[in-house]
Amino acid sequence: MTTLQLPAGMQITGAIEPGFEQILTLPALELVAKLHRSFEARRQELLKVRVERAKRLDAGERPDFLAETQHIRDGNWTIAPLPKALERRRVEITGPVERKMIINAYNSGADSYMTDFEDSNTPNWGNQIRGQINLYEAIRKTIKIDGGAGGKSYQLNDKVATLQVRPRGWHLDEKHVLVDGQRVSGGIFDFALFLFHNAKEQIARGAGPFFYLPKMESHIEARLWNDIFVAAQKEVGLPQGTIKATVLVETILAAFEMDEILYELREHSAGLNAGRWDYIFSCIKKFKVDKDFCLADRGKITMNVPFMRAYALLLLKTCHKRNAPAIGGMSALIPIKNDPEKNAVAMAGIIADKKRDATDGYDGGWVAHPGLVESAMTEFVAVLGDKPNQIDKKRDDVNVTGAQLMDFQPETPITEAGVRNNINVGIHYLGAWLSGNGCVPIHNLMEDAATAEISRSQVWQWIRSPKGKLEDGTKVTAELVRKLIAEELPKVKASGAEGQFDKAAAIFEKMSTQESFEEFLTLPLYEEV
């Protein structure tokens with residue numbers, strides 16, 4: 001067992017496997033400890049603010065644009081100029097920090113690769129540290145997989161995508177690292193280790209330390225990240241403004257504070273992303289006890305329904321007004337092998353999604369699979385030509401109101417097939433997550449924690465909403481859900497997938513039928529891994 005030299009007051013309870021010592025160095029861990037001691041109290045305070053806000057929303061309060069920040073929305077400020085490496089982001093591929101995924105994503109032909117310590121990654125100790133090792137090697141172009149006799153080998157091409165890193169959100173701890181007896185923030189842990197080891201190397205290679213920031217609910221939460229960036233750059237010896245970060249607008253509350261979020265991060269901003277799946281989950285979560293709120297089957301909640309269209313256009317207008325990139329979200333569709341007809345439908349869906357984003361004025365969009373990069377790129381190039389982006393397309397014609405952001409349609413249909421699909425996907429995904437895989441192809445869609453959150457939160461809400469009825473009038477109840485879980489579990493097991501599915505079914509049943517609503521399914525799940 002390798003032993004580490006730790007800063008005073010730090011404990012690490014995770015196993016130190018061979019190679020982990022190259023990431024868990026004393027200077028890197030000292031940065032983690034310093035950032036923790038400087039900012040953990042603020043993180044905890046902001047998490048308390050979330051809880052209090054959730055209580056007010058449950059009591060009937062509704063979000064609106066903030067009166068106290070009207071001057072920011074009315075101002076003529078812009079973000080700091082973008083580095084050249086972030087000017088062209090027409091197609092961004094995303095995926096977990098797994099070794100083969102990193103190589104394939106770098107080589108995919110995408111302009112940018114968002115590597116993910118969060119939603120598409122089970123954040124067990126081994127995944128987090130091995131992910132840091134993988135990225136360390138990838139940045140230095142030494143990463144490879146030797147397939148041996150008869151196996152497939154992988155290595156990086158000469159031309160690769162620009163790397164962006166998504167650390168964990170504010171709500172997630174790193175339970176294996178304690179400072180002064182207190183768990184550190186998962187996000188600070190991921191960010192600090194990556195920045196310490198790689199920022200100067202990235203700059204030397206013509207890029208820089210670029211990040212994606214998830215799950216924020218307010219501009220005050222963005223201010224915390226900005227202050228961490230300022231402190232970390234000082235500690236590591238980087239000029240202020242070197243770090244650039246794109247914020248995923250994936251909560252309904254953040255949608256009302258997009259200008260303010262860009263303003264807080266303006267020296268470090270690389271724009272906003274329309275994180276559509278978590279956004280839908282956020283709407284369900286925030287209005288879950290509202291008797292008038294109810295959404296139809298997940299498959300009916302497309303980017304063209306009223307509240308999603310308003311959100312997408314407001315994000316686009318807000319970004320371009322501030323000279324910031326606007327990046328479209330993920331279509332969950334993936335290529336379907338061995339079924340040309342279904343594959344043609346999937347590809348048509350991808351093409352329509354990216355064509356809409358490009359035509360609207362977005363500067364790029366996400367894909368989850370290397371096989372989609374070319375099709376997505378074709379749609380953006382058709383609109384942009386040789387231009388790296390279309391930030392000059394200001395969309396002054398767009399005027400989105402708070403009421404439009406809250407126009408939650410459609411409410412129907414809710415079908416038995418839709419309930420079954422949510423249950424099936426939920427069990428399948430949770431089972432895989434518990435086994436260490438946070439990014440899973442299920443029923444020809446790429447599922448991650450965001451889509452699993454929609455599945456379980458919809459079921460929870462349908463049980464409690466008076467509008468939670470099937471097309472034939474049958475009320476969705478806990479008893480019906482338990483019956484369908486018992487019928488769907490054998491189907492998941494028979495699919496040939498690997499995972500802890502009995503345990504997953506029990507967790508899904510509890511989380512969808514219990515009286516209380518768990519804020520994030522990954523919180524209790526994390527204690528299981």
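Which residues lie nearest the centre of the largest cavity? The views below take up this question in a predicted model, where local features need pLDDT of at least 70, side-chain atom pairs count only at pLDDT 80 or more, and totals for chains, interfaces and linings use all residues. Residues are numbered from 1 along each chain as its sequence is written, and side-chain values use heavy atoms, with hydrogens and water left out.

**View 1. The largest cavity and its lining.** Arg166, Trp277, Met330, Trp366 and Asp448 lie nearest the centre of the largest cavity, which is lined by 26 residues. (On a 1 Å grid over the protein atoms alone, a cavity is a set of points where a 1.4 Å probe fits but cannot get out, and lining residues have an atom within 4 Å of a point.) This cavity holds about 250 Å³ of space, a volume being the space filled by probe spheres set on the points, which are joined across faces, edges and corners. Helix α9 gives the most to this lining, with three residues (helices are DSSP runs of H or I with at least four residues, numbered from the N terminus).

**View 2. The second largest cavity.** About 130 Å³ of space lies here, and among the 17 lining residues, Glu118, Asp119, Leu172, Ala449 and Thr522 lie nearest the centre. Helix α15 gives the most to the lining of this second largest cavity, with three residues.

**View 3. Helices α5 and α6 in contact.** Gly187, Ile188, Phe191, Leu195 and Lys200 in α5 meet Trp225, Ile228, Phe229, Ala232 and Val236 in α6, where contact means heavy atoms within 4.5 Å.

Conventions
Helix = DSSP H or I, 4+ residues; strand = E, 2+ residues; numbered from the N terminus. 1 Å grid on protein atoms, 1.4 Å probe; cavity = no way out; pocket = protein on both sides within 12 Å on 5 of 7 lines; lining within 4 Å.
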